[in-house]
Amino acid sequence: MNKKSSYNKYITLILFFIIICMTSCTALIDIKTDDAEARLCIYGMITTNNEYQKITLSSSAPCFDNQPNKKVTGANVVIRDDEGVEWKLCEYTEAGIYTTLEPEFAKANMNYTLEVRCDFNEDGIEELYTAQSYVYGEIELDSMKLEPMNFFNKNYYNALVYVMEPKGKNFYMYRFYLNGLMARDKISDYLITSDEMFDNQYISDISFYNFPNISDIDQYEEEIIENYFFLTSGDYVEIEMSEISNHYYEFIAQCNKEFEGENPMFGGPAANIQTNIKGGAVGYFATFNGSRASCYVP
Amino acid sequence: MGKVVLSYILVALSVFSSQKLYSQVKEIILSGKIIDSQTGESLEGATIYLEEISKGTTSNHKGEYQLSVESGEYNFIVSYVGYENLKGNILLNKNLKKDFLLKGNIELSEVVVTSTASRDNITAPIVGTERLSSLEIKRIPAMMGEVDVIKAIQLLPGVQSTSDGGSGFSVRGSAPDQNLILFDNSTIYNASHLLGIFSVFNNDIINGIDLYKGDIPVKYGGRLASLLDIRTKNNMPKRFSATGGIGLISSRLTIESPLGEKTSILLGGRRSYADLFLKMTEDYKDNSLYFYDLNAKITHRFTSKDRLELSAYMGKDMFGADTQEFNYKNTALSAIYSHNFSADFYSSITASYSDYSYGIYSGMQNYEMSWEASISDYNLKADFTNNISSLWNISYGASSTFHKFRPGLVCQPGINDYKIENNLSFEYSAYISNEQTISDKFTLKYGLRFTSFSNVGKGTVYSYDNNYEVSDSVIHKKGDVYNTYYAWEPRLAFVWQLSDNNSIKGSIVHNEQFIQLANNSAAGSPMDIWFAAGKNIKPQKVDMISGGYFQNFNDDMYEASAEIYYKRMTNVIDFADHAELMLNKYLDGEIRSGKGKAYGLELMLRKNSGKLNGFINYTISRSERTIAEINNGKTYLAPFDKTHCFNIAANFELSPKHMFSATWVYATGMPTTYPVGRFEINGEYFPIYSARNEYRRPDYHRLDLSYTYTPKPNTEKRYKGEWVFSVFNAYGQKNPWTISYIQKEGGTPYAEMVYLFGVLPSVTYNFKF
């Protein structure tokens, strides 16, 4: 279903062949670079779900520093919609994490503006960082299905969604919930698709994700287990699908591409990840209007 | 196509009629062929030398030679690598056609190894050319025992490998797609097997290779950087013979045989057998993984003046697992008809077809799909050479190529097929050149090539705004010529022979390129597609000036050269940050073009004969690009810029039984973009990068060794065998192939490199009967 992710699957397959036919090995390598000036990182994705809406501020760090990046505290964070409704976000629970005082929800077909004021460069003058994001109307997920399958001697559940894709150039993002809890909220876990290959068609029986079966868990390495969602018969799986902007789609795609460094066969030269934040910060301000479908694992 | 055929007929007619206009010539022309007395094989690069006037020449790829001299009596020496010298006396008072038969002492382990035929390096008005014989290529210690043409040329000055162990190469700082690779006159678009580890050329069927590093003969065009001309054996064997080898990766067999008195056949095959081992493993027993090459060539001589060569190549790589399959294949077919009107006037007409395609297939439930792409060329050309006098050695001809690119078709059940439109284009060209011996010391070569390149419908052309977003589209009907570029490509070269043993050469060339590869990764992949110039993409252009000093020592035992070049490129392409190059309808919108510059100095010393022979070379160079939308418009290093390159290839023959070879390569690390910072989102770290190619990878170096043991070097029997033991990367240098950033849950990132090769020993058994 997903153009990029399904092609990447085949590319992964090809890389698998390379690995079995070469005596490749890995070794640590020490990369010495001049450290870039620190930059403010702003990230947040507000949703149409009634929940505490959240923006995170942190500072960039030298790439191979062994300490976590520092949070940025004491900033003024405001989100405003086009009708003048304003949320003021504060560090109620944790430094550097700015949330709304009460659960709030974004409205569909509405434009939201984020304003962050802080003296990040410590010159005594506050800088202003702004970003805008539009909440798309809801796409109607009809249903979803999980089908058992076997691939390279391992068992998986194939996740299929059923949805009418509207006309025009659209981009989508998906999140999963397992037994009512959101499966890790990390950019590398977000699935994204464009409609380039199935514009204005009814999508059915096309798999866009494989969940590994818990019965095979001892066949996976520990590091892989951390990143996978293993399903057991009877689990309740929910999928949330939202239309997103082309720009945010590219942001997630770029994050996933640059996350692991270079790919000598299928990747291009390293390039910086784009942002929609004005004022010199990195990161993203996004909006999400999810339509849900669910099923039990057979 | 009718117009094309007609234009050839017109060209041919004008040639025949103009032939009668040539006036009498004063010089006497000695010409003929130099051939193997036993097999009848034409010897390319053999030398004939007239002692009295210290003048000589080398035979061309058909074994033909020609010398213009004043009348008189001369002592001559005809020589060729691995053959006994032929000496004698000849009286020249009229034009004479004489063939020389050389007796071979060549066996699997002959003593002498030379590459460039002696003196050619001093006397020919060609700058920046490299020649390797099949034998010389074979001597180079081979990775996993697979003798490889491309790996061999990567040892030459000015030639860089683009990734460790890969078969892409960069010539004088240019991109790998700026090299024209011709295999018996057919273009090879992807010369790699096993995703780049081996090249598609089976050395056993190769006669030799010529690499022109910019000063491409005017007969050829369409690429900026180089021509790699690979020719299969031009055989006319007297008897059946077979050559073969059994190695760890593949086995190969080549047979040559006469078919009657006028026809001969050459058949070669090679297949890898890693999949046979896979079948023995539990995990991978259902997988297939192999490549093969098949070559066939039939040569028929109608008369001593007319010859037809039919050549075919097919090669395929196959990766299959479970219900998945990935394959890619090359097909190249050519038919060459040559006719010699006289010893001074010969012609050939070539029809060739070349195709590269790949396919990915999945039969897995809910993942059923097929994805196919290909590129095909249909080419027809006519070439004429007419040596009238020392002042007029004219070559001319015309060619036409039809390119058909199918960038991708994806079929999946349940949704409509996804197709990137085919891209069709015609490339017509005509050329004329003359080689003029102005004095004993000075020879000039000049020529002009004209090309027209047209995009032909059916096709959709998108327009892009300043942000490279699609703003409009125009659909062109089938057969519509909707865009044409014209190119004039002049080439000029001279040789000024200071003495018998040294010369100065120089050249100025202008080359243009109309098709290019959509690839921006370091190693490239078999799935890279080619795309053509068009309304949005202008042809790439290069102007190159180069020159060199050439010196031979000790009766040509040593050859030394120092060459410099400077290239200026316009419309050179690169790709937008995060460009999507596969299955993209709007590929043109991902292209950014600008200027490029490259310059360098190449020093080479060869020892052609003796127990110890080989070469050492050193290149210092720089290649950079300036493109408005990349790196904020600041000049950056081209991906294949390597400041220093040092290569040694040496062979030492202890005795006819024992032969040792070694190569050592050193190169400055490739330019790269490193992360200079990181930002964090939800516990994951993402890089903030330096300027484009601001840093370099660690320097590259590697030593390869081989030992050839010939049990019975002097046997009278037909069957001869040898063992080759080799070690690739003998001291286990870990050269990075890729650098990744690893982050574990809750941790911070660290850098890790993948290196492809540890110490790789191998053994091969070669035989000949």
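Select chain A and chain B together: in this predicted model, the two chains bury about 8,200 Å² between them, with 61% of that area on carbon and sulfur atoms. To display the residues involved, pick 91 residues of chain A and the 84 residues of chain B with which they are in contact.

Next, show side chains across the interface. Between chain A and chain B there are 23 residue pairs in polar contact, both members at pLDDT 80 or more. The salt bridge count between the chains is one. To find that salt bridge, select Lys71(A) and Glu680(B), whose side chains meet at 3.2 Å, N to O. Then colour helix H1 of chain A, residues 3–21, which supplies 13 residues, the largest share of the side of chain A that touches chain B. Coloured by class, that side of chain A has 47 nonpolar, 23 polar and 21 charged residues.

Three strands form an open, antiparallel sheet in the order E1(A)-E50(B)-E49(B). From one strand to the next, the twist averages 35 degrees.

Select E50 of chain B, residues 750–755, and look at its pairing with E49(B): five bridges join these antiparallel strands. Here Tyr750(B) in E50(B) has Ile742(B) opposite.

Finally, look at the pairing between chains. Four bridges connect E50(B) with E1(A), again in the antiparallel sense. Centre on Tyr755(B) in E50(B) to see Cys25(A) standing opposite.

Notes. Residues numbered from 1 in each chain as written. Chains lettered and ligands numbered in written order. Predicted model: local features only at pLDDT ≥ 70, side-chain atom pairs only at ≥ 80, totals over all residues. Heavy atoms only, no water. Pairing = 2+ DSSP bridges. Helix = DSSP H or I, 4+ residues; strand = E, 2+ residues; numbered from the N terminus. Axes fitted to C-alpha atoms, helices over the stretch in contact; angles between N-to-C directions. Contact = heavy atoms within 4.5 Å. Buried area = accessible area lost by both parts, 1.4 Å probe. Salt bridge = Lys/Arg side-chain N within 4 Å of Asp/Glu carboxyl O. Polar contact = N/O pair within 3.5 Å; in protein donor to acceptor, adjacent residues only side chain to side chain. Nonpolar A, V, L, I, M, F, W, Y, C, P; charged D, E, K, R; others polar.
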